[in-house]
Amino acid sequence: MLASNRVFHPVMLKLLRSFLSSSSNTADAEPAAPPAIEPPGEIAAPGVPAFPLKDHLSLEEGLPYLDWQAAALWLDPIESPEIQAKAWADCEIAWLQHLRAALGDTFTLAQQGDAVLLSSLAPNVARATLDYMGKTLRRIQHVLDGIAQAPAYGKDILIVFDDEDTYYRYVAHYYPDAGEFATSGGMFLNRGCGHFVTRKADLSAIEPVIAHEMTHGCLDHLPLPAWLNEGLAVNTEQRVSRASPPAHPPRQMQQKHLDYWDAAKIQEFWSGKSFYRTDDGNLLSYDLAQKIVAQFAADWEAFRAFALAADAADAGASAAADHLGLDLGEIAAALTGHAPSPDWTPTPNTWPER
């Protein structure tokens, strides 16, 4: 998840503005949008009965969600990996066609290679976004060599909602029914079908959102603790997209860390709960995760072994001791200006059930 209280470089906005400013001169040359395709009710694949996709769609707040477990069970008897991959991709595209129909006629489904975009963006802007998605995936795999892994099959899906209301109406399906949660500029969502979402109002942030959320998608095969997942995403985002100006000057941010963290709150950080806070804990969690990962990654070989062994169950504490020879609590205390304390070491038995 990408927190909205981080500031992003306006490079993508400049690119989009350049497209939009020239669109009046090229409007006549733009091909008309293809006619909307009637969303399919079922998906066919060799060797198995057709999958009744429409029977496994549920509507919430007027938006369709597919039962991906049902789709996976339908695919299970298929022996050919190639046929499985195609059938799964067909399910993804069919679901997106149903979602496009629910969002309205201004939305179109565009595809370039494995990148798929559902949005109401102008055709030239959509093409630039798809091109950036393909380049970014390759960059992420290079930067996170030996850690990042593209999904075995499935498309890289980005959904750009027109407004904040529809965005939060859609992502609410992936949140618990009760509780307060931080706002966001984009998310990687996965309940069977991994995909990225953002808002059209955040066009200036599309570039870092894509980089950040695609990194999450490339880490989804690992049982990473939230702090390590987010720290990798933030650092990779900064490597593959233009650097963003800091939200606060370094000295002010360091003081915020010193004032905020204590033994109780650092346990929220290790459990992942602090990333959903609606106060400064959200901002400081991302910043602390970025700092820890940047420090650990200086020795890439050791860090890679650590990342591959890290487990959310203990926040990666055992892996850090085994592969880095470090105590996570001591590192977090040092980076936030606190004295070392055993109370800062991850203690999973104190975390609330997730």
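## Close-up views of the predicted model

**View 1. Helix 7 is mostly covered, with 12 of its 15 residues buried.** Buried means under 20% relative accessible area, exposed means over 50%, and partly exposed lies in between (1.4 Å probe, protein chains only). Helices (H or I, at least four residues) and strands (E, at least two) are DSSP runs, numbered from the N terminus. You are looking at a predicted model, in which local features need pLDDT of at least 70, side-chain atom pairs count only at pLDDT 80 or more, and totals for chains, interfaces and linings use all residues. Residues are numbered from 1 along each chain as its sequence is written, and side-chain values use heavy atoms, with hydrogens and water left out. Helix 7 covers residues 226-240 and reaches 21 Å from its first C-alpha to its last, close to the 21 Å expected at 1.5 Å a residue. The expected span of a helix is 1.5 Å times one less than its number of residues. To find the covered part of helix 7, look for W227, L228, N229, E230, G231, L232, A233, V234, N235, T236, E237 and V240, which are buried.

**View 2. T236 sits in helix 7.** With a relative accessible area of 1%, T236 is buried. Leaving aside neighbours within four places in sequence, T236 is in contact with I140, V143, L144 and T215; contact means heavy atoms within 4.5 Å.

**View 3. Helix 6 crosses helix 7 at roughly 140°.** Two packed helices are described by the angle between their axes and the distance between the axes. Here the axes of helix 6 and helix 7 come within 8 Å. Axes are lines fitted to C-alpha atoms, for helices over the stretch in contact, and angles run from 0 to 180 degrees between N-to-C directions. Helix 6 and helix 7 are therefore oblique to each other: angles under 35 degrees count as roughly parallel, over 145 as roughly antiparallel, 65 to 115 as roughly perpendicular and the rest as oblique. The crossing of helix 6 past helix 7 is right-handed. A crossing is right-handed if the near helix is turned clockwise from the far one by less than a right angle, and left-handed if anticlockwise. From helix 6, P208, A211, H212, T215 and H216 make the contact, and from helix 7 come N229, E230, L232, A233, V234, T236, E237 and V240. The contact of helix 6 with helix 7 holds six nonpolar, five polar and two charged residues. In this count, Ala, Val, Leu, Ile, Met, Phe, Trp, Tyr, Cys and Pro are nonpolar, Asp, Glu, Lys and Arg are charged, and the others, Gly among them, are polar.

**View 4. Helix 4 (residues 123-143) meets helix 6 (residues 206-218) at roughly 45°.** The two axes come within 10 Å, and helix 4 and helix 6 are therefore oblique to each other. Their crossing is right-handed. On the helix 4 side, T129, Y132, M133, T136, L137 and I140 meet I206, E207, I210, A211, M214, T215 and C218 of helix 6. Nine of the residues in the contact of helix 4 with helix 6 are nonpolar, three are polar and one is charged. Helix 4 itself has 21 residues and spans 30 Å from first C-alpha to last, close to the 30 Å expected. Among the buried residues of helix 4 are T129, Y132, M133, T136, L137 and I140.

**View 5. C91 lies in helix 3 (residues 81-103).** C91 is buried, at a relative accessible area of 0%. Not counting residues up to four places away in sequence, C91 touches I43, F51, L53, L66, W68, A71 and W74. G154 is 63 residues from C91 along the chain, and their C-alpha atoms are separated by 9.4 Å.

**View 6. E61 and A315 each have a positive phi although neither is a glycine.** For E61 the phi is about 55°, and this residue is found in the loop between strand 4 (57-60) and strand 5 (63-66). E61 is exposed, with a relative accessible area of 60%. A315 has a phi of about 65° and belongs to the loop between helix 11 (300-309) and helix 12 (317-323). A315 is buried, with a relative accessible area of 0%.
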